[in-house]
Amino acid sequence: MVACNTTDVLVIGGGPAGTTFGCLAAKRGWDVALLEKGRHPRFHIGESLLPMNLSILDRLGVHEQVKAIGVLKPGADFTVANSGAELQTYRFEDALGDSPDHAFEVRRSEFDELLFENCRAAGVEANDETTVTHVERLENGNHKVTAVDAAGEESFWETRFLVDASGRDTFLSSRNGWKKRNPKHASAAVFAHFRGVERRPGNDDGNISVYWFEHGWIWMIPLRDDIMSIGAVCYPEYIKTRRGSLDEFLLDTLNGMEEVRARMQQAEPVRAAQATGNYSYLSQRMDGPGYLMIGDAFAFIDPVFSSGVYLAMGSAERGVDVAQAWLEDNKRAYRRASRKYRRVTKRGLAAFSWFIYRFTTPAMMYLFSNPRNKLKVVEGVVSMLAGDVFSNKAARRRLQVFKVIYAFAWLFHWKASLAARKARRPEIRTRLQRSHAAE
Ligand SMILES: Cc1cc2nc3c(=O)[nH]c(=O)nc-3n(C[C@H](O)[C@H](O)[C@H](O)COP(=O)(O)OP(=O)(O)OC[C@H]3O[C@@H](n4cnc5c(N)ncnc54)[C@H](O)[C@@H]3O)c2cc1C
């Protein structure tokens, strides 16, 4: 008979959320095991970090290591492609409050490996090539976890607290039927790495660039060694028009934008294009007795403001308080910690979602391309771009003002706004029908 390992905390998944949780829980003295199905280093999308990530990197003790593998990112620029309009640059140094004036852009293969090793160094029993296949709740309130390694060997774990950090695999929410795809926001992304793409001049050379085009938007993220990560986030109808390979489709899409074409004259692809479809979803639950979901295992909205890794690591950090109260069997503290976890996690998602859902509307494109700094609204927007949306009251007030301005801009561009909304309607209907049929 195979022995059952016992542990205080078991984490499913060794991405940014899982490794942050594992490391911080181990630093508090808990026995932690982490099971990761892949093997680091491995490719992962999500390469642009936010300034608000940096303090978490400090608390994990990896700031300097991330700096060594990253490209300094002082801001973000936005362009409406083929419009002749000038690009607008938003610099983190202009944010309200004291968020850092830069972030980093990283190869996730290096970043995630570094976090994984850091987790091990903190005392976590972190096993890669180990896939969790089954979880059940025992009568004593603990969870029993079954995993299988690369050789097909099974292992069994009994844990007092279970953390689902399985990312887009959404281990618990998929198996329990809690996962709801977002019918209002179904996009797909096609992405690859290129060498030789022109960077922004001077200190802006590490900025992320965002371009709107008629079928969605694209990102350009500068990485080390002259590599540029480029991805197109497109409406599903556009993706369906693809006839050739993904690489051809991505290149055709990029070549359709004159500003992008100009930067890619010397570009050569160094990584085959990949696609991710229909990525926006939310779990109806994020915690329960003796378990918690963090990062993408709970929800993912959209990559546009590069918020995914920060939200994942932030939720992990907050989640450690919930685990601690559970493990100490302090019912009052546990109720308080889990309420706070739910409230703050939802607040962060809501702050980004409002912008994300409107990002491709004519009114939002107009406001981002014509920033007028009345009432320090631009600084508020920069704070949002920096990820400072949880507790910065000044920024939150400016964002409320921005919402009012957005409403006026929508009315001012009412014809284009209505046309854009109408153009999206048949698609939303089709998506709804499809998701009902699938349920
Ligand atoms: C197209 C696109 C572009 C993006 N761009 C950005 C960006 O620029 N910046 C940004 O911040 N975010 C971006 N994101 C989001 C970002 O990728 C995620 O939010 C982030 O990786 C979430 O971290 P995580 O730890 O929750 O999940 P992941 O990083 O996905 O980690 C989950 C881990 O769990 C493992 N796992 C899964 N199932 C099991 C199992 N059964 N057993 C064991 N292990 C398991 C996986 O192998 C994986 O290593 C982007 C997302 C997409 C789709």
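**Exercise 1.** Find which helices and strands each supply at least two residues of the shell around the ligand.

*Solution.* Step 1: helices are DSSP runs of H or I with at least four residues, strands are runs of E with at least two, and both are numbered from the N terminus. Step 2: the elements are α1 (16–27), β8 (130–137) and α9 (308–327). Step 3: α9 gives the largest share, four residues. Step 4: the whole shell has 39 residues, with G15, G46, G167, G295 and G308 the closest; a residue is near the ligand if its C-beta atom, placed from the backbone, lies within 6 Å of it.

The model is predicted: local features need pLDDT of at least 70 and side-chain atom pairs pLDDT 80 or more, while totals for chains, interfaces and linings use all residues. Residues are numbered from 1 along each chain as its sequence is written.

**Exercise 2.** Describe how α1 and α9 cross.

*Solution.* Step 1: their axes, lines fitted to C-alpha atoms over the stretch in contact, come within 8 Å. Step 2: the crossing angle, on a scale from 0 to 180 degrees between N-to-C directions, is roughly 35°. Step 3: the crossing is right-handed, meaning that the near helix is turned clockwise from the far one by less than a right angle.

**Exercise 3.** Give the strand order of the open sheet of seven strands and name its edges.

*Solution.* Step 1: the order is β5-β4-β13-β14-β15-β12-β16, with mixed pairing; two strands pair if DSSP finds at least two bridges between them. Step 2: β5 (88–91) and β16 (268–277) are the edges, each pairing on one side only. Step 3: within the sheet, β12 (188–195) and β15 (227–234) run antiparallel and share eight bridges.
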